[in-house]
Every structure is written in C-alpha cells, then in structure tokens.
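This report describes how the parts of one protein model are arranged. Please examine the sequence and the structure shown below before reading on.

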Amino acid sequence: EATIIFLHSKEGAKAIDELINNVDNFKRDLRKEGWEFYDNENSDPTKILIKRPDVSGLELSKKLFEEFHIEDEMASEKGVLFLCGIGTTKANLDKLKNAIKNVKLTEQKTESKASFQPFPFVKILPFEAFYRDYAFVSKENALLKISSQMVVPYPPGIGILYPGEAIQEWHLEHLGDDIGVIK
C-alpha cells in the first residue's frame with residue numbers, strides 16, 4: 001500500500017517521469033551506436049528490449065555477464081530484455097549503456113527462418129478461446145491458426161503465445177511438435 005500511495009503522490013509521479021526520461025535518453029544514445037529497440041508508442045517504457053542485427057542476443061547476454069557482471073531479464077537469438085523500475089537510477093542505466101557500448105562481441109549473421117514480431121495478433125479474447133473446441137495440429141500446419149493454449153518457455157517464464165492469438169512465424173521456433181488450435 002505504501003508503494004501505491006507513493007506512486008500516486010507528486011514525488012512518485014516525478015520519479016516515474018524521471019525514470020522514463022532516463023530510459024528514453026539511454027535508448028537515444030545507443031541508437032546512435034547502431035543498436036535497435038523493440039518499442040512503439042504503446043510499449044511499456046520501463047522495458048528495454050535491445051537488439052542489433054549483426055549480434056545474437058544470447059551472445060550479448062553472455063558477454064555482459066562475463067565482462068561486466070550484468071544480468072538481463074531474458075535473452076534470445078533476437079535480443080535482450082532489461083526491466084527497469086522505480087529504483088532504476090540514471091547511474092544504473094549509464095553503467096548498462098557503457099557496458100553495451102564496450103562489450104566485445106563477435107559479429108555474426110543470424111540466419112533464422114522466423115522473423116521476430118513482438119506484438120500479438122489477437123483474433124479472439126483469451127477467455128473466449130478457453131471455451132472453444134480445439135484440435136492439435138503439427139507445428140508445420142499451425143501458422144495463422146488461433147492458439148487455444150499458452151506457450152511459456154522457462155526460464156524466464158514469460159508467455160510468448162496466449163489463447164486467442166494468431167500463431168505467427170516467429171512463434172514456430174518456440175512451439176513443440178503439436179499445438180492446440182481453435183477448430
């Protein structure tokens with residue numbers, strides 16, 4: 001309750017504005033260095049999902065940990081996710097920015113059949129999908145069908161596919177052999 005009260009206060013609003021401003025400056029500075037971010041006007045500004053086409057996110061994650069003792073929230077071939085909160089200071093972001101700028105990475109071409117699409121394509125609401133009849137189809141036949149189930153790789157335990165969402169090409173690399181789809 002104390003956190004909620006703080007966040008609704010003038011000081012809390014100021015802290016949130018400062019955090020968002022610091023994250024925006026962080027992204028602006030790294031964009032100048034060739035880094036890209038998965039974000040748009042609807043994105044959560046406290047999440048930093050960073051990528052660069054010539055570097056694997058898994059390699060970036062590994063090197064940041066080995067060289068700078070920085071842990072991310074999640075990494076994949078496509079990018080690395082960092083979560084920021086009210087306690088994330090400009091100094092924290094500057095440390096991360098300097099580490100990213102100075103990390104020694106091996107340039108590589110990432111050839112992948114799937115192209116990452118971080119935004120869901122929701123066809124029906126999850127609760128509607130939950131009550132619909134479904135069938136299992138092979139991964140090869142799942143493209144653009146409506147998922148009847150969640151796909152939550154662990155770690156980190158963050159869902160990438162939810163009931164009611166159209167199965168996109170980028171989901172396929174995370175699916176098992178069979179997936180439940182709405183009939």
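Helices and strands are runs assigned by DSSP, numbered from the N terminus; a helix has at least four residues and a strand at least two. The model discussed here is predicted.

## Overall arrangement

The protein contains 5 helices and 6 strands. Their order along the sequence is α-α-β-β-α-β-β-α-α-β-β. Along its principal axes, the C-alpha trace extends over about 50 × 45 × 25 Å.

The sections that follow concern helix 4, which takes part in a contact with helix 2, in a contact with helix 3, and in the lining of a pocket.

## Helix 2 and helix 4

Helix 2 comprises residues 10-31, and its axis lies 10 Å from that of helix 4. The angle between the two is about 15°. Because angles under 35 degrees count as roughly parallel, helix 2 is described as roughly parallel to helix 4. The crossing of these two helices is right-handed.

On the side of helix 2, the contact involves Asn22, Val23, Phe26, Asp29 and Leu30. Helix 4 contributes Lys90, Leu93, Leu96, Lys97, Ile100 and Lys101. Sorted by class, the residues of this contact are 6 nonpolar, 1 polar and 4 charged.

## Helix 3 and helix 4

Helix 3 spans residues 57-68 and helix 4 spans residues 90-102. Their axes come within 10 Å of each other and cross at roughly 110°. Since angles of 65 to 115 degrees count as roughly perpendicular, helix 3 and helix 4 are roughly perpendicular to each other.

Leu64, Glu67 and Phe68 of helix 3 make this contact with Lys95, Leu96, Ala99, Ile100 and Asn102 of helix 4. The contact has 5 nonpolar, 1 polar and 2 charged residues.

Definitions and conventions: Residues numbered from 1 in each chain as written. Predicted model: local features only at pLDDT ≥ 70, side-chain atom pairs only at ≥ 80, totals over all residues. Heavy atoms only, no water. Axes fitted to C-alpha atoms, helices over the stretch in contact; angles between N-to-C directions. Parallel < 35°, antiparallel > 145°, perpendicular 65-115°, else oblique. Contact = heavy atoms within 4.5 Å. Nonpolar A, V, L, I, M, F, W, Y, C, P; charged D, E, K, R; others polar. Left-handed = near helix turned anticlockwise from the far one by under 90°.
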